[in-house]
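Please read the sequence and the coordinates side by side, and keep both in view while following the paragraphs below.

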Amino acid sequence: MKWMNLPEEYSNLEKSKFVILPISYEKDLTFGVGTSKGAMEIVKSSEHLEYYDEEFDCEVFEQGIYLENEMKLNSESPESMVTKIKEKVESIEGDKFLISLGGDHSVTIGLVKGLEKQNEKFAVLQIDAHSDFRDSWNGSRLNHACVMKRLVESHEIVQVGIRSQDKDEKEVIANNKSIKTIYAWEHSINKVKKTLLNLKSDKLYITIDVDGFDPSMISCTGTPEPGGLFWQQIIEILKLCFEMKTVIGTDIVEFAPEYVIDGKKQISSRARSEAYSLAKLVSKIICLKVKN
Ligand SMILES: [Mn+2]
């Protein structure tokens with residue numbers, strides 16, 4: 001399988017600037033199911049993408065897009081999942097740009113740890129409905145609800161689109177200077193700009209939990225929350241990030257295209273359309289990296 005069905009000269013590892021890493025992993029989902037199929041559903045829909053992006057006047061494929069084999073990690077413990085992803089990321093050459101497709105949000109812990117080897121200091125921008133700041137969840141400190149709590153131990157964090165958290169998380173965030181939260185109901189592009197300006201790190205990793213989108217845009221996710229961000233708002237946030245910082249990698253997580261009906265797992269036409277939107281988001285990320 002190839003991203004966008006690209007011919008060999010634009011999809012071999014050696015010549016490709018961009019590397020897409022699909023990860024299948026889901027543990028202890030809070031509400032819905034099906035995240036483990038998310039990555040490959042996005043890959044499948046990429047064959048319908050245009051080669052050209054008119055918004056950024058960019059030929060998406062030109063610098064090469066290599067599709068890694070899917071990492072199937074459902075049977076791994078959280079600790080071993082993190083180690084395997086970290087080692088995989090460390091094995092990717094530093095001049096390539098990583099775009100990982102999710103799995104549940106805990107995969108981001110492994111992705112960020114993997115990038116730490118080649119990047120001394122970087123901040124993490126998180127687009128998400130949830131702050132993911134629980135210290136542990138369902139008995140694990142590596143659960144998807146604890147991701148940002150783990151990452152803030154070594155990185156500055158910017159959260160955008162947040163609209164669901166518990167009281168303890170709110171207090172932890174308020175008392176930690178390394179975290180800046182822009183709630184969904186107070187979101188403005190100027191707030192994002194000011195926050196990026198105040199970061200000490202020049203490098204930035206971006207993690208996109210698809211529930212950061214409003215559910216009218218993306219509904220196939222474990223815990224959809226009303227009042228989210230819309231397509232163009234997220235593109236504007238990404239534009240700012242790429243213009244103001246050196247973005248070193250991104251992930252798109254928590255897409256859950258499957259639902260169960262009469263005991264059988266199915267993928268709805270709605271899920272297919274959302275998978276296409278997320279594949280297009282990958283195109284936009286590629287264009288922004290090429291342009292900046
Ligand atoms: Mn979330």
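How many helices and strands does the chain have? The chain has eight helices and 13 strands, where helices (H or I, at least four residues) and strands (E, at least two) are DSSP runs numbered from the N terminus. This is a predicted model, in which local features need pLDDT of at least 70 and side-chain atom pairs count only at pLDDT 80 or more, whereas totals for chains, interfaces and linings use all residues. Residues are numbered from 1 along each chain as its sequence is written.

Consider the overall dimensions before the details. The C-alpha trace of the chain spans about 50 × 50 × 35 Å along its principal axes. For 292 residues, a compact globule would have a radius of gyration near 19 Å, and the 17 Å of the chain agrees with this; the radius is taken over C-alpha atoms, and the globule rule is 2.2 Å times the number of residues to the power 0.38. Of contacts between residues at least 6 apart in sequence, 78% join residues at least 24 apart, a contact being a pair of residues whose C-beta atoms, placed from the backbone, lie within 7 Å.

Buried residues make up 50% of the 292 residues in the chain. A residue is buried if 20 or more other C-beta atoms lie within 10 Å of its own, exposed if 12 or fewer, and partly exposed in between, with C-beta atoms placed from the backbone. In soluble globular proteins, nonpolar side chains tend to be buried together. Here the largest nonpolar core holds 84 residues, and I20, I23 and I65 touch the most other members; helix 8 (residues 269–291) gives the most to this core, with 10 residues. Such a core is a set of buried Ala, Val, Leu, Ile, Met, Phe, Trp, Tyr and Cys residues joined through C-beta atoms within 7 Å. Not counting residues up to four places away in sequence, I20 touches W3, I65, L67, E68, I99 and L101.

Two strand pairings can now be set side by side, where strands pair if DSSP finds at least two bridges between them. Strand 8 (residues 157–162) and strand 9 run parallel and are joined by five bridges, with V160 standing opposite I182 in strand 9. Together with helix 5 (residues 167–174), these strands make a right-handed β-α-β unit; right-handed means that, with the strands pointing away from the viewer, the path from the first strand over the helix to the second runs clockwise. Four of the five residues of strand 9 (residues 179–183) are buried, so this strand is largely enclosed by the rest of the structure. Strand 12 (residues 258–261) and strand 13 (residues 264–267), by contrast, pair in the antiparallel sense over four bridges, and Y259 stands opposite Q266 in strand 13. Their hairpin has two residues between the strands, and D262 takes a positive phi near 50° there.

Backbone angles deserve a further look. Most residues other than glycine have a negative phi. Phi of N5, however, is near 55°, and N5 lies in the segment before strand 1 (18–24), where N5 is exposed with 11 other C-beta atoms within 10 Å. Phi of E254 is near 70°, also a positive value in a residue other than glycine; E254 is found in the loop between strand 11 (246–253) and strand 12, and E254 is buried, with 31 other C-beta atoms within 10 Å.

Key:
Contact = placed C-beta atoms within 7 Å.
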